[in-house]
Amino acid sequence: MFIDFEGIDGSGKTTLSNLLAGRLKKLGYRVAHAREGGELRSSTARRVRELTRDARLLEMSPRAEFFLNLARDAQQLEEVVAPALSRGEVCITDRYLYSQLALSGGGRGLPMSELRPACELASQGLWPDLVILVDVDPDLARWRKRLGKALTNKAEAGDSRKGMVGAGLAVRVRESFLALAKEDPRRWLIIENNDAPLHVLEQRLVDAVVARLEGRDTPVQRIVPAPASVPAAGPVEVEDVEARFFQALDTVEPREPALAVWMLGGLPGLAAHQRRLEFVERFPALTARGLQGLDDEPAWTLRDVLAPLAPAQVATSLLGQTGARAAMLRERLYAQAPAEALQGLKGDSSPQAWSLRERGVRDGRLSDVLLGLAGVDGDESWVVREAGMKRGLYADVARSLGGLCDTRSDALREALLPHDRLAVLRGTQGLDTPVARGLREALADKATKLVLRSLTGLSTEEAWALRERGAPKTKEALDSVDGMNDPRAWRLRVTHASRWPATVLSSLKGLPLGPEARVLIQRVLEAHPRKLPALRNAYAVIATAAALDTRATQARASRPAVEAPTQHVEF
């Protein structure tokens, strides 16, 4: 029997396919997994896959990508799948030719009528007996992927070619998978991986597959495990969001405790802080990472507690923090987490920051010093950049130019373009310079995600035109209006709230909780009352607005009272 697992990145198909293989072996079946442990069994197929993932190959066309992916699957078929089936084994694949139809057709927009004959040729008439589509909310899948990178210390890894297109690609691919399943319901089994414990999914899956192996009829196409408890639905008021979010988090914590910790990241306020304290012993590193962006007293106290347990993650949480307290903690953490301490100095030109940079250079950590130099100008910074150029650290030098908008910076960007266009583009966020404009025009259709993110905070006509063009395709157009109170930003949010609900909400973070924000939060949550990423982002907006209000009130109260001028009355 030939069983294929399909689904978008982050859906859990690799985990479930390996669990199924293990369970079937225990039941006495002879099983071959063509991608056991997440790695393709064919070394040739692995080499081909590296090409299709390489983000530097921006000029690769969708058709070329399709044929390379087809070659990868054809090689797996010849080398792994067909021999296993000929031996009478159950063969499991993690992606097959359906992935190429969904990616190239649904995702990239190539005509399905042209793709299907090529897939038939590559298949040699061999198609899976059972296709298991692991279906998941794309926003939730993205959270899980980020968590996975954090847990494996790959959070700073570059995007793949698919990643360059933006998050909208996963949405279109998912829709294409569902359409393929609808065309052939007897072959496809859909298992939802949104809010059920992994062991429940595993057992449901094993039961369904064993029934097929034993020749028993399985008419149900979709397996929808019921969640342990369901957050209340119905009308949503802004005042209810905190309770709803934490109720939803309570349903996540038993089955995915690490995800529950991850969802608390960056959330201000007492309620979030109390939840963090519950996770400190079990997940010190994730808890520490979640302090990034927080500058209140509880966050600083928790950093001090976690510093010996998770020095690298505490240092990472200091990104954007300046002042004596941050400087002292970085100095303390440097011995154990030098890279994170140095890279977190972006925008900091204080004497303490330069002292730490000089120490980093002496220790041979020029790359980390450069990565923490964004937003810093002055003679010292240019000496470091020149040293980076001499060492060939072109990508790091390009990133060090982030936030700098002058002729000298743009001249260096021009010199860096032949070495690493993507790094140069990443260093143009919020900038309106000739090089930035030229890169956006050249890469708008090749690195859409990075182009749109580079527009963050930018309010030029070119920026608005790119956002309006990109918003129907991918969420990053909405990411680029984070905290913007411009009427055009509000129009984008309202227009695309149904397509990118969680992102529309996150774009409100930092804005006052005025009537427009309240109406939009209510509208999104009424449409998606149980969507965890939407609930989380809505709460982040509300909690941040409350924290900003509290800070403003405290600042006003701490100002010295202005004495009324003494009036001199003459008689």
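In which helix is the place of Thr287? Thr287 sits in helix α13 (residues 284-289), where helices are DSSP runs of H or I with at least four residues and strands are DSSP runs of E with at least two, both numbered from the N terminus. The model is predicted, so that local features need pLDDT of at least 70 and side-chain atom pairs count only at pLDDT 80 or more, whereas totals for chains, interfaces and linings use all residues. Residues are numbered from 1 along each chain as its sequence is written, and side-chain values use heavy atoms, with hydrogens and water left out.

**Overall architecture**

- The secondary structure of the protein amounts to 31 helices and six strands.
- For 571 residues, a compact globule would have a radius of gyration near 25 Å, and the 26 Å of the protein agrees with this; the radius is taken over C-alpha atoms, and the globule rule is 2.2 Å times the number of residues to the power 0.38.
- Taken along the principal axes, the box filled by the C-alpha atoms is roughly 110 × 55 × 50 Å.
- Among contacts (heavy atoms within 4.5 Å) between residues at least 6 apart in sequence, 68% join residues at least 24 apart.

**Surface and charge**

- Of the 571 residues, 51% count as buried, a term that means under 20% relative accessible area, with exposed meaning over 50% and partly exposed lying in between (1.4 Å probe, protein chains only).
- The protein exposes about 26000 Å², of which carbon and sulfur atoms supply 52%; accessible areas come from the Shrake-Rupley method with a 1.4 Å probe, and for residues only the protein chains shown count as cover.
- The 80 positive and 74 negative charges have mean positions that are 3 Å apart, with Lys and Arg counted as positive, Asp and Glu as negative, and His and the chain ends not counted; the place of a charge is taken as NZ of Lys, CZ of Arg, CG of Asp or CD of Glu.

**Salt bridges**

- The structure holds 38 salt bridges, each defined as a side-chain nitrogen of Lys or Arg within 4 Å of a carboxyl oxygen of Asp or Glu.
- Glu256 and Arg144 meet through their side chains in one of these salt bridges, at 2.9 Å from N to O. This pair links distant parts of the chain, with Glu256 in the loop between α10 (241-252) and α11 (257-263) and Arg144 in helix α6 (residues 138-151), 112 residues apart. Both Glu256 and Arg144 are buried.
- Arg187 forms a salt bridge with Asp184, and the closest N and O atoms are 2.7 Å apart. Arg187 counts as partly exposed because its relative accessibility is 26%, and Asp184 is likewise partly exposed, with a relative accessible area of 26%.
- The side chains of Glu239 and Arg518 also meet in a salt bridge, at 3.0 Å from N to O. Because Glu239 lies in the loop between β6 (222-223) and α10 while Arg518 lies in helix α30 (residues 515-527), the pair ties together parts that are 279 residues apart in sequence. Glu239 counts as exposed, at 54% relative accessibility, whereas Arg518 counts as partly exposed, at 29%.

**Buried helix residues**

- Thr287 is buried, with a relative accessible area of 1%. Leaving aside residues up to four places away in sequence, Thr287 touches Val261, Arg276, Phe279, Val280, Leu302 and Leu306.
- Ser400 is found in helix α21 (residues 394-400), and its relative accessible area of 0% makes it buried. Not counting residues up to four places away in sequence, Ser400 touches Leu370, Leu373, Ala374, Gly375 and Arg385.
- Pro338 lies in helix α17 (residues 338-343) and counts as buried at 16% relative accessibility. Pro338 and Leu356, 18 residues apart in sequence, are 9.5 Å apart in space, C-alpha to C-alpha.

**Positive phi values in loops**

- Most residues other than glycine have a negative phi.
- Arg95, although not a glycine, has a positive phi of about 90°. Arg95 is placed in the loop between β3 (90-94) and α4 (97-107), and it is buried, with a relative accessible area of 14%.
- Gln124 has a positive phi near 55° and is likewise a residue other than glycine. Gln124 is found in the loop between α5 (112-123) and β4 (130-135), and it is exposed, with a relative accessible area of 57%.
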